[in-house]
Amino acid sequence: MADLKLSLKNVHRHYLEREARLDILVDVALDIAAGEIVALVAPSGAGKSTLLHVCGLLERPQQGEVTICGTEAHSLNDRARTLLRRQNVGYIYQFHHLLPEFSANENIMIPQLIAGVDQAAAKTRAEDLLNHMGLKERGDHRPAQLSGGEQQRVAIARAMANNPGLILADEPTGNLDPDTSGHVFELLARSIKDHGAAGLIATHNHDIARRADRVVTLDGGAVVPTTL
Ligand SMILES: Nc1ncnc2c1ncn2[C@@H]1O[C@H](COP(=O)(O)OP(=O)(O)OP(=O)(O)O)[C@@H](O)[C@H]1O
């Protein structure tokens with residue numbers, strides 16, 4: 001059987017707005033195996049961020065199973081969910097969310113230090129990851145001293161820092177020009193595959209989505225395959 005990094009079964013997520021109930025995710029099923037990258041393309045408001053939040057254990061679905069790297073999250077308490085997320089999930093956002101007062105190296109070290117890695121090992125790994133991102137000389141630079149594409153490459157390195165099995169990316173190239181978008185996506189895809197991780201990448205950019213192993217969309221709240 002495939003080594004599944006993400007498995008969703010029968011997932012339902014709704015929001016209550018005054019009297020109305022908004023059904024955003026309806027009976028969602030989705031499996032992503034190690035080494036696989038799935039693009040999620042759907043109109044604004046369809047529920048892409050909601051799906052990523054459920055996959056990343058930031059939101060609980062009202063119903064269904066969310067299994068991350070072999071561990072089913074539903075019955076876990078909040079603390080156990082946080083640990084599962086920290087150990088197994090890397091998140092990348094449209095805007096890098098790097099800590100402005102810290103250098104690129106330090107931004108990549110911080111999640112490792114939180115996970116209990118010692119200072120020297122965290123620094124070595126940060127330098128190694130930056131090197132892979134083509135940013136060897138930029139370790140001491142703060143986010144404001146880097147271009148948008150460079151900031152996103154640091155954000156990718158940070159997401160990979162604790163070697164997560166699952167990478168979730170919400171519009172990771174949404175803020176970049178087309179050439180830079182392609183380059184950043186290639187680096188992200190290579191990182192995911194080199195680490196034997198799985199990736200779910202929400203994007204409005206069809207050129208980017210076509211580079212994934214497969215593309216899915218949200219149709220009436222369900223995840224269904226699509227071609228672009
Ligand atoms: N906490 C919440 N309470 C009520 N409604 C919410 C909440 N979070 C999201 N929604 C609604 O759920 C729907 C899906 O939102 P979501 O952010 O997942 O969409 P999206 O596909 O990521 O959109 P976009 O591409 O514009 O970012 C929207 O109609 C949104 O208003």
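Colleagues, the structure before you is a predicted model, in which local features need pLDDT of at least 70, side-chain atom pairs count only at pLDDT 80 or more, and totals for chains, interfaces and linings use all residues. Residues are numbered from 1 along each chain as its sequence is written.

I begin with the chain as a whole. The chain holds seven helices and 10 strands; helices (H or I, at least four residues) and strands (E, at least two) are DSSP runs, numbered from the N terminus. Its radius of gyration is 17 Å, close to the 17 Å that the globule rule gives for 228 residues, so the chain is as compact as a globular protein of that length. That radius is taken over C-alpha atoms, and the globule rule is 2.2 Å times the number of residues to the power 0.38. Along the principal axes, the C-alpha atoms fill a box of roughly 50 × 40 × 40 Å. Of the 228 residues, 40% are buried. A residue counts as buried if 20 or more other C-beta atoms, placed from the backbone, lie within 10 Å of its own, as exposed if 12 or fewer do, and as partly exposed in between.

I turn next to the ligand. Which residues surround the ligand? They are Y15, E17, L22, I24, A42, S44, G45, A46, G47, K48, S49 and T50; a residue is near the ligand if its C-beta atom, placed from the backbone, lies within 6 Å of it. The elements that give two or more residues to this shell are β1 (4-17), β2 and α1, and the largest share, three residues, comes from α1.

Six of its eight residues are buried, namely K48, T50, L51, L52, V54 and C55. Just after α1, L57 takes a positive phi of about 65 degrees. L57 lies in the loop between α1 (48-55) and β4 (63-68) and is buried, with 21 other C-beta atoms within 10 Å. Most residues other than glycine have a negative phi.

D27 is found in strand β2 (residues 20-33) and is partly exposed, with 16 other C-beta atoms within 10 Å.

Strand β2 belongs to an open, antiparallel sheet of four strands in the order β2-β1-β4-β5. Two strands pair if DSSP finds at least two bridges between them. The edge strands, β2 and β5 (71-72), each pair on one side only. Between β4 and β5 there are two bridges, and I68 stands opposite T71 in β5.

Finally, I consider strand β7. How many of the five residues of β7 (residues 166-170) are buried? Five of the five are, so β7 is largely enclosed by the rest of the structure. L166, L168 and D170 cover one side and I167 and A169 the other. Strand β6 (residues 89-92) pairs with β7 in the parallel sense over four bridges, and the partner of Y91 in β7 is L168. Strand β8 (residues 198-202) also runs parallel to β7, joined by five bridges, with A198 in β8 as the bridge partner of L166.
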